[in-house]
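Let's take a walk through a protein chain together. Keep the sequence and the 3D view side by side as you read.

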Amino acid sequence: MNSNYVTELSVGLVREFLKRRGMSHTLLALEEEVPRTEETITSRSTILHNLHLQKAYQRNKEREAPLSSILEIFVEKTYQKRSKQAAPQRTVKEQKTTFRPGTAPEKALQIRSLTKNTEPEAGFLSNNDVLSKLRRKPTTVDDTERPPSRQARKRPDSSLVIQPIDDEEYSLSPIKEISSTFDKYSYMKIEGTPLTIELHERLGVLLFGRYEMNRAFHDSWRQGFFFYDDTENEVFGLRQFNGGPCAILAAIQARIIMLLRKEGVSLDECTRKEVREALVQAMAETLVRCDGELVLIVPRGKVPFMGFEFSSLDATEPDFDVYRADNKKQLINVINRFIMRFMEPKGAGVVSFVLSMLLSRGISQINTDLGFQAEDPLIAKWGQASQPLINLVLSGRAAVDVCNGDRNLDGLTFSGITEYNDIGFFSDYDFFNHQRIGTYLKNPLNKIWIVLSEAHITVFYLITETEEMIRIGHYDQMIGTSSYYIVNKEEAPRATDSMSMFEKLLSGKFKAEVRMV
């Protein structure tokens, strides 16, 4: 059995233990750190066969309170075996040792004393000592009376008995002493407070409207920020189950791509660790752009069911905790601390992040951003994000329009985008002249856009650009793979019926011929 197989067998044991114990967050972390390959062992029968635990497994199933995992069965069997070996017992030779009258006992037994203070000439017991010990009829033979074996002489500290831990040597430092070592990790001192029912209801009004009785996210929002785990999909790509949260996922996805490129990481060669670190940074960057108090709403446990209901009819405390940070660095540390809860596939990661954005911007400030449309919900009728919520995740301001700056129409002020954004936006509404998107969004600082087309939002990102052409990548989180387009700057745009909607959108954006490759 080679070392690689031993490693895979060990990981399989741990994975089976975490799964049987229901430790989904830790299991998800293991899957991220040790991704599955063709050599991964996932069969319980294979593990049992290699560790010779078939009989022990069957006996365990017949117990009144069976152990739940193979790892526990293995540990129990190993412990029992070592305890049995370590139990002091008389050997057959010792039990049969007898002395005839008139013989010298010291010639039959020459037992060297192991006492440190014994002098060399006193290394053998006298006749009287031996006889007195034999008359006691001991049930066991004391280790100090037995000559040390060769193995014991070579390794005097070895023993079959598991030695108790020396409290003085292995004990941790007092709490008062170790608490000072965490001063530089200030996020460890941050304690969350429960999200109150009153604040929960106010968030529900902001999201779904004052007059909506059923204030609840659709089940399609029940997901976290998690990535595809197979080799056929993009390593950097977030995954989306159903329609609804595409605007939030696409915006975070765009910032993940932006941050990876800034760090000089190739999208084709990035690791899961690098991608997860970029996710944490993207979440923090989005909350910082809200330009208010840095607030992180953290879901409790796996799936907080009450977190999706914002009605005041039920007085149950929401399953969220509120954490407040003093600066971006502290916020990143807090997100890192709870990132596995936000990455739970069927959890409340996306919803929690939406609530974090609302509180980081501030409810009163969002109402100011919305202006005369403050009564309109941020979640549209069919469960998708409204334009103000899209603008909030992009620019940090819940503007109602996509124009440059605010504009006034007949005494009504429509809030817009106030500066060039790091991530851009364009849509098929703009292509068909139903919407006019300003240059602050059309021409972002990082040439990465989220694109609304046919009621779904995805990500476009620039790969390379020369004087003659531009290569554009397109990632759809519902599919998990990228497609690619070539923009020919030297050719005028040509709109034909055979062109896809994305080709038309890119052609209108760059005013040039576009083809998919």
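Accessible areas here come from the Shrake-Rupley method with a 1.4 Å probe, and for residues, only the protein chains shown count as cover. On that basis, the accessible surface of the chain comes to about 30000 Å², with 51% of it belonging to carbon and sulfur atoms. What you're looking at is a predicted model, where local features need pLDDT of at least 70, side-chain atom pairs count only at pLDDT 80 or more, and totals for chains, interfaces and linings use all residues. Residues are numbered from 1 along each chain as its sequence is written, and side-chain values use heavy atoms, leaving out hydrogens and water.

Start with the overall picture. The chain has 22 helices and 11 strands; helices (H or I, at least four residues) and strands (E, at least two) are DSSP runs, numbered from the N terminus. Of the 517 residues in the chain, 43% are buried. Buried means under 20% relative accessible area, exposed means over 50%, and partly exposed is in between (1.4 Å probe, protein chains only).

Now find a sheet. It is an open one of 3 strands, in the order S1-S3-S2, with antiparallel pairing. Strands S1 (193-194) and S2 (294-299) are at the edges with a single partner strand each, so one side of each has no neighbour in the sheet. Two strands pair if DSSP finds at least two bridges between them, and S1 and S3 (residues 320-325) pair over 2 bridges. Look for Pro194, which stands opposite Asp321 in S3.

Next up is helix H12 (residues 197-208). How far apart are its end C-alpha atoms? They are 16 Å apart, which agrees with the 16 Å that its 12 residues should span at 1.5 Å a residue. The expected span is 1.5 Å times one less than the number of residues. Among the buried residues of H12 are Leu199, His200 and Phe208. The cover over the buried residues of H12 includes S3, helix H17 (349-361) and helix H18 (363-370). Just after H12, Gly209 takes a positive phi of about 100°.

Jump along to strand S8 (residues 456-465), where you'll find Leu462. Is Leu462 buried or exposed? At 11% relative accessibility, Leu462 counts as buried. Leaving aside residues up to four places away in sequence, Leu462 touches Arg261, Lys447, Trp449, Ile470, Arg471 and Ile472, where contact means heavy atoms within 4.5 Å.

The whole structure holds 15 aromatic pairs. Rings of Phe, Tyr and Trp (its six-membered ring) pair if their centres lie within 6.5 Å; planes under 30 degrees apart count as stacked, over 60 as edge-to-face and the rest as tilted. Phe217 and Trp221 have ring centres 5.0 Å apart and planes at 50°, so this pair is tilted. Phe426 and Phe460 have centres 6.3 Å apart and planes at 25°, so that pair is stacked. Phe426 in strand S6 (residues 424-427) and Phe460 in S8 are 34 residues apart, so to speak a link between distant parts of the chain. Both Phe426 and Phe460 are buried. Ring pairs also join Phe426, Trp449, Phe460, Tyr485, Phe502 and Phe510 into a cluster.

One member of that cluster, Phe510, has the charged end of Lys509 over its ring, 4.6 Å from the centre. A charge sits over a ring if NZ of Lys or CZ of Arg is within 6 Å of the ring centre and within 35 degrees of the ring normal.
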